[in-house]
Every structure is written in structure tokens, then in C-alpha cells.
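Please look through the sequence and the model below before reading on.

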Amino acid sequence: MIKSTFLTLALGLALMACNKPEQEQAAKANGDTPQLTAGNVTQTTIKVPTIQCGSCVSHVEEALKGVDGVSTIKVNLETKIAEVNFDPVKTNLAAMEKAISMAGYDANDTKSDPAAYAELDACCKIPESHSGK
Ligand SMILES: [Cu+2]
């Protein structure tokens, strides 16, 4: 019993040591999140300072889901930061910023597309712009 547990452990370590496709299957079997161990996944954070509510969060998530190569998205309304796992071979930060911009929101230093922003619900617009106009 102990011996076989040790063998499984040793095998698991050996698989982790060499970066082979089996690694992902081993990770799944161990109950780990495969996204973090898979070969081509990079995590980044994107500032989305103009999101206002839960519906903004889903707009940004939908926009990022449409980008080929993006695997997981977590948008935090409190911190206004989107945490994204993506395949750097398929996409890049600029493409993701662009997608968010086209949904009507600022992403890092990329400003929102004015036409897309105009389409947003009133509750999703930046409060300043209401009084400013
Ligand atoms: Cu909103």
C-alpha cells in the first residue's frame, strides 16, 4: 500500500519534471487545474477602469471569450482588473485590449471605441460623462 503510493508520487514527480503532453493528463488525474500546467498558457492582468456593474463584467468577459486563444477570464468589479489566461501563440495583449475596447471599455492604455461606448446601457457609462455632457 505505502509502496504503491510512493511509486505513484515518484511517477507524478517524474512527469512534472519533463514537460510532456502527459503532464496535463497527470494533472487532471491529480485534480489540479489543467490550465496552469498546460504548456502554452500565460496569465496576464488587464486594467478595465471603466467597468461600472455586473453587466459590464459580463460584457468584458464576452469580449475576451471571443478572442481565439483565451482560455479563462476572471473580471473583478472591485479592483477593476481582468485576469486572463491565454495561449501566447494564438493571441497577445494588444488583441485582448482591442476586443475590450470594441466592447466599449478602456483596457490598460487602450481607450474604449467611441461607437461601442455609445451603445452601452446608461448604467454602464462612466458617471463623469453624464454630467459632462
Ligand atoms: Cu454596467
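Does Asp106 count as buried or exposed? Asp106 counts as buried, because its relative accessibility is 9%, where buried means under 20% relative accessible area, exposed means over 50% and partly exposed lies in between, with a 1.4 Å probe and protein chains only. This is a predicted model, in which local features need pLDDT of at least 70 and side-chain atom pairs count only at pLDDT 80 or more, while totals for chains, interfaces and linings use all residues. Residues are numbered from 1 along each chain as its sequence is written, and side-chain values use heavy atoms, with hydrogens and water left out.

Side chains of opposite charge can pair when their charged atoms come close. With a salt bridge defined as a side-chain nitrogen of Lys or Arg within 4 Å of a carboxyl oxygen of Asp or Glu, the count comes to 3 salt bridges. One of them joins Asp106 to Lys111, at 3.3 Å from N to O, and Lys111, at 60% relative accessibility, counts as exposed. Another links Glu83 with Lys74 at 3.7 Å, N to O; here Glu83 is partly exposed at 31% relative accessibility, whereas Lys74 is exposed at 57%. A further salt bridge is formed by Lys65 and Glu62, whose closest N and O atoms are 3.5 Å apart. Because Lys65 and Glu62 are 3 residues apart in helix H4, about one helical turn separates them, and Lys65 and Glu62 are both exposed.

The strands come next, and with them the helices; both are DSSP runs numbered from the N terminus, helices being H or I with at least four residues and strands being E with at least two. Two strands pair if DSSP finds at least two bridges between them, and on this basis there is an open sheet of 3 strands in the order E1-E3-E2, with antiparallel pairing. Strand E1 (42-47) and strand E2 (70-76) each have a single partner strand and stand at the edges, so one side of each is left without a neighbour in the sheet. Neighbouring strands of this sheet are turned by 20 degrees against each other on average, direction ignored. E1 pairs with strand E3 (residues 81-86) in the antiparallel sense over 6 bridges, and Ile46 stands opposite Ala82 in E3.

For the helices, contact means heavy atoms within 4.5 Å, while axes are lines fitted to C-alpha atoms, for helices over the stretch in contact, and angles run from 0 to 180 degrees between N-to-C directions. Helix H4 (residues 54-65) lies across E2 and E3 and runs at about 165 degrees to E2. Helix H5 (residues 93-102) lies across E1, E2 and E3, running at about 40 degrees to E1.
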